[in-house]
Amino acid sequence: KCPLPALPPAPRSVNWPGQAGSDTAALAQPPPPPPPRAQTSPGPVKVGAVPNRRLGSVRGVPMSSPPGRRPRLSSPGTGRSSSEARDELRRRLLGLIEGNRVMIFSKSYCPHSTRVKELFSSLGIECNILELDQVDDGANVQEVLSEITNQRTVPNIFVNKVHMGGCDRTFQAHQSGLLQKLLQEDSAYDYDLIVIGGGSGGLACAQEAAILGKKVMVLDFVVPSPQGTSWGLGGTCVNVGCVPKKLMHQAALLGQALSDARKFGWEYHQQVKHNWETMTEAIQNHIGSLNWGYRLSLREKAVAYVNAYGEFVEHHKIKATNRKGQETYYTAAKFVLATGERPRYLGIRGDKEYCITSDDLFSLPYCPGKTLVVGASYVALECAGFLAGIGLDVTVMVRSILLRGFDQEMAEKVGSYMEQHGVKFLRKFIPVLVQQLERGSPGKLKVVAKSTEGPETIEEVYNTVLLAIGRDSCTRKIGLEKIGVRINERSGKIPVNDMEQTNVPYVYAVGDILEGKLELTPVAIQAGKLLARRLFAGRLEKVYHTLFWPLEWTVAGRDNNTCYAKIICNKSDNYRVIGFHVLGPNAGEITQGFAAAMKCGLTKQLLDDTVGIHPTCGEVFTTLEITKSSGLDITQKGC
């Protein structure tokens, strides 16, 4: 591979004559006729027709130059800022990629580039080539290419808008038949992008791609849990994760506040008790409004939403099966996998028949009563905490340690605090049998558990058993093997490069299914947006504002869309944030943190690059999208 050379101290800007969308010939003005030794073909290159020669012609423009002279890529006009020139360069490069069947960014002396050219020549494929060593600002071009593709070497190859990668990946695609498939495809796909999965990352990616002018479809289908639970558009976080969890946690905090209130002078004598059905109905109503908001947002951005299960049947083609079993087929130039994960079961007698998971808890139609929580993850401890907080008898069964992967001193402090507040812990035990003793809402279940350190067994009766022992990626039944996408056979996770690209060039992935990545909602949201921008070209950033609705206010019905966030940026100083405004709860706490960041030179781009803490009020500043001058609606329709 031929790496990016060191950049000159003062990079020259790039001249792009002609109108937007002009082809590679616009990269440089033709130099005088070269010496006889620098042979080039006069027309579009059929690469490899002259093996081992410098094949530099692009659409009739010879890209080589005589000694001492190189094509000049000067800035188009005077007084143009370097950022504007760079944005223009990026747009033109994307135009080349979009406008050519095969586009190769090469260097004339690179042996890997030569191999690729000879491959396409042997296939009789006409290519467009830009030799980066034969233009004045080739280093700048290569640097912008590396931002687009995250590849800093040549050759850098695109086939029908799909980034193939370098020499090795192109030859691998040729050997597998994928290259021939891509070469046969034209632009007559049904969609530019199909996103499989309507969770946080998938929706963010789909909407961002639509904003950038692409034709997009989202396929989302929730396979019911063993207890029959399913939900609407929005994914785990909105329906069975962050949002209902925090609202139930808020219910528990309010119970604690009732106890604290007496010490602040509040006097009340009536007995106060918690009603599970009232709480879950209110939470599910709020979630339903979020589901509708996501559907409305997709509709406003002209994103097609299909409530169907997506499964690949061949390259670039997917089968969508709806709840009635009806099948429809769609094609797309690119696909994004955002299928998320589902709770894992124990694999013992009675687990799927009688136990519930976080998929079921937040819409459970009856109070769970005396509950055994199996697991020591943050999901397990969060659920145990709010169940105990509303007055239930809760036991946590721990196989080994609390919060594996977290600081253990902090983890044990969390466990100690929970014990002080009524949560019981069974350490070093695992369930081996769950047996139903009585039906009911709730019923009665006998749990037999075995020690992990010896032959001891124990048994106890509970009303509900909640499993929180981990989650499995939803990647094994979507036809990935039919198109050759590799997954980790043990975990089901998908290995990707730094661009979220799988080993199949037109298939990308975001969210919890990625191997070695954080399983967090704001990470998926940010990754989805950035992926769409990389794939379909970003926009110039501007000043943004928004209304927001604190999650704690939603169920109580307090003041929808009255809280407000706004930043003011200095456009001439890299969009440095010079004004910060927030109207809402805990505004002082929020502002204090951002004030320190502003003193350190906070910019809009740094805010966009920041992963939010979810769900909080402060994270709204990491997801601002609407400029005040646009006049667009800034009311919130999701979490």
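A salt bridge is counted here when a side-chain nitrogen of Lys or Arg lies within 4 Å of a carboxyl oxygen of Asp or Glu, and by that criterion Glu311, Lys319, Glu327 and Lys482 are linked in a network of salt bridges. The structure is a predicted model, in which local features need pLDDT of at least 70 and side-chain atom pairs count only at pLDDT 80 or more, while totals for chains, interfaces and linings use all residues. Residues are numbered from 1 along each chain as its sequence is written, and side-chain values use heavy atoms, with hydrogens and water left out.

The structure holds 22 salt bridges, and one of them joins the side chains of Arg86 and Glu143 at 3.5 Å, N to O. Arg86 belongs to helix α1 (residues 82-99) and Glu143 to helix α3 (residues 138-149), so this pair ties together parts that are 57 residues apart in sequence; helices (H or I, at least four residues) and strands (E, at least two) are DSSP runs numbered from the N terminus.

An α-helix has 3.6 residues a turn, so residues three or four places apart point the same way. Glu88 is buried, with a relative accessible area of 13%, whereas Arg91, at 44% relative accessibility, counts as partly exposed; buried means under 20% relative accessible area, exposed over 50%, and partly exposed in between, with a 1.4 Å probe and protein chains only.

A further salt bridge connects Lys181 with Glu314, the closest N and O atoms being 3.8 Å apart. It links distant parts of the chain, since Lys181 lies in helix α5 (residues 178-184) and Glu314 in strand β11 (residues 309-314), 133 residues apart.

Turning to helix packing, α8 (residues 242-261) and α12 (residues 378-389) pack at an angle of about 35 degrees with their axes 8 Å apart, where axes are lines fitted to C-alpha atoms, for helices over the stretch in contact, and angles run from 0 to 180 degrees between N-to-C directions. Lys245, Met248, His249 and Ala252 in α8 meet Glu382, Phe386 and Gly389 in α12, contact being defined as heavy atoms within 4.5 Å. Among the residues of α8 that are buried are Lys245, Met248 and Ala252, and what covers the buried residues of this helix includes α12 as well as α7 (235-240) and α9 (276-300).
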